[in-house]
Amino acid sequence: MNRVDYVLPLRWDDDAGLDELTAYLRRLSPLARVIVVDGSDPALFARHARRWRGLVTHVRPDRDLRCANGKVAGVRTGLRLARAEHVVIADDDVRHDAASLTAVDRLLGRADLVRPQNHFSPMPWHARWDTARTLLNRALGADYPGTFGIRRSFFERMGGYDGDVLFENLELIRTVRAHGGVEARPPGLYVRRLPPDASRFWSQRVRQAYDDLAQPARLAFSLSVLPAVAACLLRRSYAPLVVGAALVVGLAEAGRRKAGGRRVFPGDTVLFAPVWVLERGVCGWLAVAAALRGGVPYAGRRLRRAANSVRRIRRQGGGSGSLGARNPSALCEPSQNGLVDEPPQRHNATVERPRSMRSPS
């Protein structure tokens with residue numbers, strides 16, 4: 001494996017997960033050059049600098065990259081500092097190993113963007129619930145992970161990507177597509193992810209549903225769930241509900257069996273699929289209500305746009321400006337001003353930085 005660069009954007013409110021993350025960085029540093037872009041407050045930043053001195057490159061997000069979505073500023077800062085052609089971007093709850101880094105590096109030899117598959121470990125009940133979403137995504141195409149591999153030269157040619165959207169993972173994927181990039185989506189490239197705590201899981205239900213505003217077909221399905229269930233209940237016609245639940249479980253099982261998924265996704269996770277569909281049916285309407293009020297709440301403001309379409313990105317000329325002066329080979333376009341400095345998003349990624357490493361990315 002060529003030595004890859006590893007960009008980890010974070011912004012923490014406390015250091016409850018510092019020991020665990022530091023141990024991970026020690027395991028990771030012999031495998032990759034690690035760049036941690038840290039938007040934490042000064043006291044936490046100073047503590048991280050002491051713990052990680054000599055272990056990683058530890059920097060603040062560049063001041064000119066003020067994005068509404070702070071993860072994008074972290075990623076773009078990290079790519080400015082990257083030296084390797086092959087770069088792994090990962091949320092702070094993602095846990096790569098030598099095998100997954102080698103696989104990403106190999107795939108970047110023929111692709112511009114690599115999209116691995118995350119799985120939770122350990123697996124508390126709410127991680128099983130959220131895994132149902134992953135299984136349905138796998139059955140219908142591919143899931144949205146908290147980690148990507150990208151070719152640095154291609155990212156530079158794009159000029160970055162829009163930092164004023166909520167669903168930044170989808171925005172990155174669509175920006176690569178808009179520039180004609182090759183995307184690899186290996187369903188069997190599994191990368192471990194730490195689960196959220198239950199309070200963070202509940203707090204992100206509507207925000208994750210807001211992502212569907214960038215995917216009209218998914219949104220239409222989500223909005224149809226409650227009316228369909230209500231109609232069946234009013235007519236006391238329960239058979240369609242049973243059949244529908246069985247079909248959803250079967251679809252989730254197809255996603256679980258795809259590319260050897262049974263070794264990382266427990267069998268009982270498929271039983272949460274009807275529950276997740278009902279949850280998304282409720283939260284989809286709440287997300288639409290948030291859009292009508294000006295966008296989803298985000299750090300005291302509202303973000304209206306979930307993600308741009310490929311057509312819109314092409315029409316606007318692609319990314320959101322230059323990677324900046326620190327990288328002499330970067331494009332020299334003006335950077336985009338955002339709304340506020342924000343914590344990196346975690347996907348399911350579209351969530352604020354949790355208060356500890358026990359929260360999801």
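Predicted model: local features only at pLDDT ≥ 70, side-chain atom pairs only at ≥ 80, totals over all residues.

**Salt-bridge notes**

I began with a network: salt bridges link Lys-71, Asp-91, Asp-93, Glu-168 and Arg-193. My tally for the model came to 22 salt bridges.

Next I looked up Asp-15, whose side chain meets that of Arg-47 in a salt bridge, with 3.0 Å from N to O. I placed Asp-15 in the loop between β1 (4–10) and α1 (18–28) and Arg-47 in helix α2 (residues 42–52), so this pair ties together parts 32 residues apart in sequence. Is Asp-15 buried or exposed? Its relative accessibility is 15%, and the cut-off for buried is under 20%, so I noted Asp-15 as buried. Arg-47 is partly exposed, at a relative accessible area of 36%.

Then I turned to Arg-151. Which residue does Arg-151 form a salt bridge with? I found Glu-85, with 3.2 Å between the closest N and O atoms. Arg-151 sits in strand β8 (residues 147–151), while Glu-85 belongs to the loop between α3 (70–81) and β4 (86–90), so the pair ties together parts that are 66 residues apart in sequence. I wrote down a relative accessible area of 22% for Arg-151, which is partly exposed. Glu-85 counts as partly exposed too, at 25% relative accessibility.

My last entry is the salt bridge between the side chains of Arg-177 and Glu-183, at 3.0 Å from N to O. For Arg-177 I have a relative accessible area of 34%, partly exposed. Glu-183 is partly exposed as well, at 21%.

Methods:
Residues numbered from 1 in each chain as written. Heavy atoms only, no water. Salt bridge = Lys/Arg side-chain N within 4 Å of Asp/Glu carboxyl O. Helix = DSSP H or I, 4+ residues; strand = E, 2+ residues; numbered from the N terminus. Buried < 20%, exposed > 50% of the residue type's maximum accessible area, 1.4 Å probe, protein only.
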